[in-house]
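Visitor: Please give me a close look at one part of this model, and then show me what else is worth a stop. I'd like the cut-offs along the way.

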Amino acid sequence: MSLRSALFGVCALLAGCSSSQLDLDDIRISRFHSEEPERCRPSDVALDERQIASFFKRAALIDGRTLHDEFDWAPCYLEGTLKYQQTACVWRVRAGATGEIECPATELYFGCKDCGDLFEGAAQ
Amino acid sequence: MSSIDSEGMLISDRVELRRFQTIEHGDLLGVRALVIHQTDAPTARHTFNGYLSKGNGAHFLIEKDGAIYQTASVKKRCYHVGRYLRSKCLALDKATCDSRQVQSIQALTWTLQIRALDRYERTKDYPERYPMNADSLGIELVGKHLDAARYEEVTAMQKQSLRWLVSELHGHFRLTPKDVYTHPQISYKHPGEASTAEWQ
C-alpha cells in the first residue's frame, strides 16, 4: 500500500474524511498562476494565509476520482509552501474550491463544497 | 465490421459486452459526438466495481491491453460529461459568440462564470455547442491520474483499439473526426485527461 493510499485510508476512518486532523504549519503564499488570465483572475482566489488554512481545514480529503467527478478544475490557483508532518510541501488552491498538497512522498487532494464564502467573498 | 443490436449493444469479436444498467439514465435520443475520457483507475476491474455503486460512467471502456468493453447501451444516456459545459465559441471562434452576453458573463467570478456560460451554451444546438450527456457517447481509457498536470500515457494497444472503435462508431452514427472530443475540451476537468489519446 502506498503512503498516499495509507493516508487516505486513515483519514477515511477519521471524521468522514475531514482534513481538520492534518498537521499543517507555516503556510506561506508564493504566487498566483492562471492558464486563462482573462477568465480566471487573482480576484477569484484572493485568499490570505489564514484563509488558506481555513480552506484546508474545511475541505474534505478526497481521492483523484472524486476530484474528477464532483469538482470543477479551475485554470487558476494560488500556490505556496507549508509544513505537513514536519515535511516541506507545496500547496495549491484553485478557484473551483479544490486544493492539492504535494510532498516528496505523497500528494493529497482536497475539495470543499462549503467554501463559497472564501471564493465568492474573495472576488468582491 | 460491427453491428448494433436492438438493445444498443455493439456486436463484434473485438467487443466484450459488460453492461451496467446502474450507469444508464434514460434514453439517448441521438448520437452526435464522442467524448474520450481516462478512468483514473489502474485496471478495468476497478472501474467496473465503481459502476456497481455509482451513477457516473461511460458507454465503452478500453483496458490497457486494448480489450474493449461495452459498459452501457448506445441507446441510453450516461453521465460522463460533467456538470458544466465549456463555451465552444469562446474556445474556437470568439466572433461567433454573442459578444455582449459573453462579455457580461466574463465579468463574473470564475465560479459564477462557469454556471452562466453553461446556461448560455445549453440554449444552442450541437455542433454550435460542445456535446452533452443527452447527445454523446463516452469512451473511457484505463489510466491513472499522476499529478496536477499528467495522466498515464495511453498505451499503443489502447490507441489501436480506440482507432477501431471510433471508426466503427463514425460509421454507425455518421460522425466525422470533428465530432470527437477529449473530456477537458468540453468540461472543466484535469487538462491531462486523455491528452495522449489518438484516434485518427
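Guide: Let's settle two terms: a residue is buried under 20% relative accessible area, exposed over 50% and partly exposed in between, with a 1.4 Å probe and protein chains only, while strands (E, at least two residues) and helices (H or I, at least four) are DSSP runs numbered from the N terminus. This is a predicted model, so local features need pLDDT of at least 70 and side-chain atom pairs pLDDT 80 or more, whereas totals for chains, interfaces and linings use all residues. Residues count from 1 along each chain as its sequence is written, chains are lettered from A and ligands numbered from 1 in the order written, and side-chain values use heavy atoms, leaving out hydrogens and water.

The part I'd pick is strand β7 of chain B, residues 136-141, where 6 of the 6 residues are buried. Follow the side chains along β7(B): S136(B), G138(B) and E140(B) point one way, while L137(B), I139(B) and L141(B) point the other, and every one of them is buried.

Now for the neighbours, taking strands as paired if DSSP finds at least two bridges between them. Strand β4 of chain B (residues 33-38) runs parallel to β7(B), joined over 6 bridges, and in that pairing Q38(B) sits opposite L141(B). Strand β5 of chain B (residues 60-62) also pairs with β7(B) in the parallel sense, here over 3 bridges. There, F60(B) stands opposite I139(B), one of the residues on the L137(B) and L141(B) side of the strand.

Next stop, the sulfurs. In chain B, C89(B) is bonded to C97(B), S to S 2.0 Å. That link is right-handed, with 105° about the S-S bond, and both of its cysteines are buried.

Over in chain A, the bonded cysteines, counted along the chain, follow the pattern 1-2, 3-4, 5-6. One of these bonds is C40(A) to C76(A), at 2.1 Å from S to S. C40(A) comes from the loop between β1 (24-34) and α2 (49-58) of chain A and C76(A) from strand β3 (residues 76-84), so the bond ties together parts 36 residues apart in sequence. The torsion about its S-S bond is about -60°, so this disulfide is left-handed. C40(A) is buried, at 0% relative accessibility, and C76(A) is buried at 0% too. Another disulfide of chain A joins C112(A) to C115(A), S to S 1.9 Å. Its torsion is about 75°, so this one is right-handed, and C112(A) and C115(A) are both buried.

Helix α3 of chain A (residues 64-70) gives the most to it, 3 residues. By type, the lining divides into 5 nonpolar, 5 polar and 2 charged residues, where nonpolar is Ala, Val, Leu, Ile, Met, Phe, Trp, Tyr, Cys and Pro, charged is Asp, Glu, Lys and Arg, and polar is the others, Gly among them.

How values were computed. A disulfide is a pair of cysteine sulfur atoms within 2.5 Å.
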